[in-house]
Amino acid sequence: MRFLLMLVMLTACAAAPQDLSGKMFIFPQQTSTTKVRLTASREGFGAATVCHRSFTDLKRGHALFSLATPSSANDFLIFWDETNKEMEPHIKNTKTEYKGLDYKSNMWHSICTTWDSESGLVQLWFDGQPSIKKFASSGSNFSGSTIIILGQEQDSHGGGFDVKQSFIGMMSDVHMWDYTLSPCEIQKYVDELNFTPGNVLNWSALEFQITGRVLIEDKQKTCY
Ligand SMILES: [Ca+2]
């Protein structure tokens with residue numbers, strides 16, 4: 001009974017949302033298992049914005065954000081393709097390609113991606129610069145249970161990881177909304193001003209589960 005109670009308490013602790021404001025996840029080594037699974041607070045929507053900041057020195061392809069549903073492993077995936085030097089938002093298994101970005105190593109980049117099922121259009125905001133809109137997929141919402149993972153790229157619902165697509169580096173300020181953010185809201189996110197936090201994923205009230213060696217540290221920028 002006592003053991004059971006402890007188990008229940010441990011589970012409750014793991015599920016409690018945490019305020020990660022001013023903090024970052026550190027992915028310090030290359031494995032095919034290390035990951036952070038994020039819990040979405042709603043499912044089945046037909047539009048999305050995902051914003052995050054990342055810092056890496058990887059010189060190979062890597063996943064920055066991987067959302068899978070039972071019917072599509074790349075339902076919302078942000079992938080850097082090193083061979084073709086392009087950022088690739090995948091929506092419902094359809095890839096769009098953005099070339100000519102200054103995706104430098106060893107510095108923070110903020111990336112926001114918007115999509116809505118009505119128009120089917122994707123737009124990438126790279127360090128605050130809007131891309132052109134490209135067509136990905138229209139007419140259907142995300143459906144079924146979503147599994148959102150940082151650190152690995154899902155080839156199946158919750159699995160199918162490839163060590164050569166894993167993320168090593170730092171990740172912060174991950175938010176997801178079930179609508180497309182206005183340019184003004186995106187600019188506020190990029191400039192780290194007050195913005196409306198994500199209603200699907202909120203970095204300041206984040207439910208997540210870490211597997212393997214992922215550390216949480218302050219994302220300190222200046223000395224006082
Ligand atoms: Ca893969």
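Strands pair here if DSSP finds at least two bridges between them. Helices (H or I, at least four residues) and strands (E, at least two) are DSSP runs, numbered from the N terminus. What you're looking at is a predicted model: local features need pLDDT of at least 70, side-chain atom pairs count only at pLDDT 80 or more, and totals for chains, interfaces and linings use all residues. Residues are numbered from 1 along each chain as its sequence is written.

**View 1. Strand β1 and its two partners.** Take β1, residues 23–27, and you'll find it antiparallel to β16 (residues 215–218), with four bridges between them. One spot to look for is Lys-23, whose bridge partner in β16 is Asp-218. β1 also runs antiparallel to β14 (residues 169–177), this time with three bridges. There, Ile-26 sits opposite Met-170 of β14.

**View 2. Around Met-171.** Stay with β14, as Met-171 is part of that strand. Met-171 has 22 C-beta neighbours inside 10 Å, so it counts as buried (the cut-off is 20 or more other C-beta atoms within 10 Å; exposed is 12 or fewer, partly exposed is in between, and C-beta atoms are placed from the backbone). Leaving out residues up to four places away in sequence, Met-171 touches Met-24, Phe-25, His-52, Ser-54 and Leu-150; contact is C-beta atoms, placed from the backbone, within 7 Å. Phe-25 is 146 residues away from Met-171 in sequence, yet their C-alpha atoms are 5.2 Å apart.

**View 3. Strands β3, β9 and β10.** Here β3 (residues 47–55) and β9 (residues 109–116) run antiparallel, joined by eight bridges. Cys-51 has Cys-112 of β9 as its bridge partner. β9 pairs with β10 (residues 121–126) as well, again antiparallel, over five bridges, and Cys-112 stands opposite Trp-125 in β10.

**View 4. Into the nonpolar core.** The largest nonpolar core holds 44 residues, and Cys-112 and Leu-150 are among those with the most contacts inside it, along with Leu-38, Val-50, Leu-64 and Phe-65. Such a core is a set of buried Ala, Val, Leu, Ile, Met, Phe, Trp, Tyr and Cys residues joined through C-beta atoms within 7 Å. Val-50 touches Phe-65, Phe-76, Ile-78, Thr-113 and Met-176, once residues up to four places away in sequence are set aside. Over the whole chain of 224 residues, 35% count as buried.

How values were computed. Two residues are in contact if their C-beta atoms, placed from the backbone, lie within 7 Å.
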